[in-house]
Amino acid sequence: MTRDNLLFGIIGILLGFIGGFLLAGNITQREAAMRANPQSAQSGQLPANHPPIGSDQATTGEGGQQMLASVQTAMKQARENPNDFEAQVTAAKLEYQIGRYDQAIEYLLAANKLKADDADVLSMLGEANMDAKHWDAAVKWYKAALLKRPSDLASMDGYCFVLLQSGDAKAAEEAINKLAKADPNNQDLPQFREKLSQLKSGKTQ
């Protein structure tokens, strides 16, 4: 089955999510919900205020058809122009917005091959892998993003989260300490420290 066929098959839940997509800016808001919902951090589930991908925001009618056409055009452009960096990133953003994280990762990997030093793509790879619950890959890409942009608070926050989910208590503690130094009032720190304490004590849930 082709990408376009898959896209048609889930059109009912795709439309309406092609708004602004700023991956790197979403992480802190997403992690904030862990304070209100500790089980999400303990179980590896994404926090409750994760950017919505449900069908309640879908649109129909002429506008919806135009959106669908835009999605198809962007993905076709990326497939037909593998050396077009912007086309790969655009397709990745659209795939992410419709909840197809693995497909978004494919486009981001293609973009990374074209511009290996692009910090935004590195951060987006971290977030897309985080949302796909590919913890080890997310750790890898967030680490790479922070090597390029060490003061990026969004990447620092996401890095802490995925390290905790991967179970690396030592690395997570170091990352949390760096985040606390850079952003002492970060609202996710209490939950991160709670999860870290559980890891260090050998508690699992």
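This is a predicted model: local features need pLDDT of at least 70, side-chain atom pairs count only at pLDDT 80 or more; totals for chains, interfaces and linings use all residues.
**Exercises on a pocket and on helix packing**

By class, the residues that line the largest pocket are 10 nonpolar and 4 charged, with no polar residue among them.

**Exercise 1.** Describe the largest pocket by its volume, its lining residues and the elements that supply them.

*Solution.* Start with the volume: the largest pocket holds about 350 Å³ of space. Next, turn to its lining, which is made up of 14 residues, and note that Leu146, Tyr159, Glu174, Ala175 and Lys178 are the ones nearest the centre of the pocket. Finally, look for the elements that contribute two or more residues to this lining, which are helix H9 (135-148), helix H10 (153-166) and helix H11 (169-182).

**Exercise 2.** Decide how helix H6 (residues 85-97) and H7 are oriented to each other, and find the residues through which they touch.

*Solution.* First take the geometry: the axes of H6 and H7 come within 8 Å and cross at roughly 160 degrees. An angle over 145 degrees counts as roughly antiparallel, and therefore H6 is roughly antiparallel to H7. The crossing of these two helices is left-handed. On the H6 side, the contact is formed by Phe85, Gln88, Val89, Ala91, Ala92, Glu95 and Tyr96, while H7 brings Tyr101, Gln103, Ala104, Tyr107, Leu108, Ala110, Ala111 and Leu114. Sorted by class, the residues of this contact are 12 nonpolar, 2 polar and 1 charged.

**Exercise 3.** Carry out the analysis for H7 (residues 101-114) and helix H8 (residues 119-131).

*Solution.* The axes of H7 and H8 come within 9 Å, and their crossing angle is roughly 160 degrees, so that H7 and H8 are roughly antiparallel to each other. The crossing of H7 and H8 is left-handed. From H7, the residues Tyr101, Ile105, Leu108, Leu109, Ala111 and Asn112 meet Val121, Leu122, Met124, Leu125, Ala128, Asn129 and Asp131 in H8. By class, this contact of H7 with H8 has 10 nonpolar, 2 polar and 1 charged residues.

**Exercise 4.** Work out whether H10 and helix H12 (residues 189-201) are roughly parallel or roughly antiparallel, and describe their contact.

*Solution.* The axes of H10 and H12 lie 10 Å apart, and the helices pack at an angle of about 25 degrees. Angles under 35 degrees count as roughly parallel, and H10 and H12 are therefore roughly parallel to each other. H10 passes H12 in a left-handed crossing. Asp157, Cys160, Phe161 and Leu164 of H10 make the contact together with Phe192, Lys195, Leu196 and Leu199 of H12. These residues divide into 6 nonpolar and 2 charged, with no polar residue.

Notes
Residues are numbered from 1 along each chain as its sequence is written. Side-chain values use heavy atoms; hydrogens and water are left out. On a 1 Å grid over the protein atoms alone, a cavity is a set of points where a 1.4 Å probe fits but cannot get out, and a pocket is an open set with protein on both sides within 12 Å along at least five of seven lines; lining residues have an atom within 4 Å of a point. Grid points are joined across faces, edges and corners, and a volume is the space filled by probe spheres set on the points. Helices (H or I, at least four residues) and strands (E, at least two) are DSSP runs, numbered from the N terminus. Ala, Val, Leu, Ile, Met, Phe, Trp, Tyr, Cys and Pro count as nonpolar, Asp, Glu, Lys and Arg as charged, and the others, Gly among them, as polar. Axes are lines fitted to C-alpha atoms, for helices over the stretch in contact, and angles run from 0 to 180 degrees between N-to-C directions. Angles under 35 degrees count as roughly parallel, over 145 as roughly antiparallel, 65 to 115 as roughly perpendicular and the rest as oblique. A crossing is left-handed if the near helix is turned anticlockwise from the far one by less than a right angle, and right-handed if clockwise. Contact means heavy atoms within 4.5 Å.
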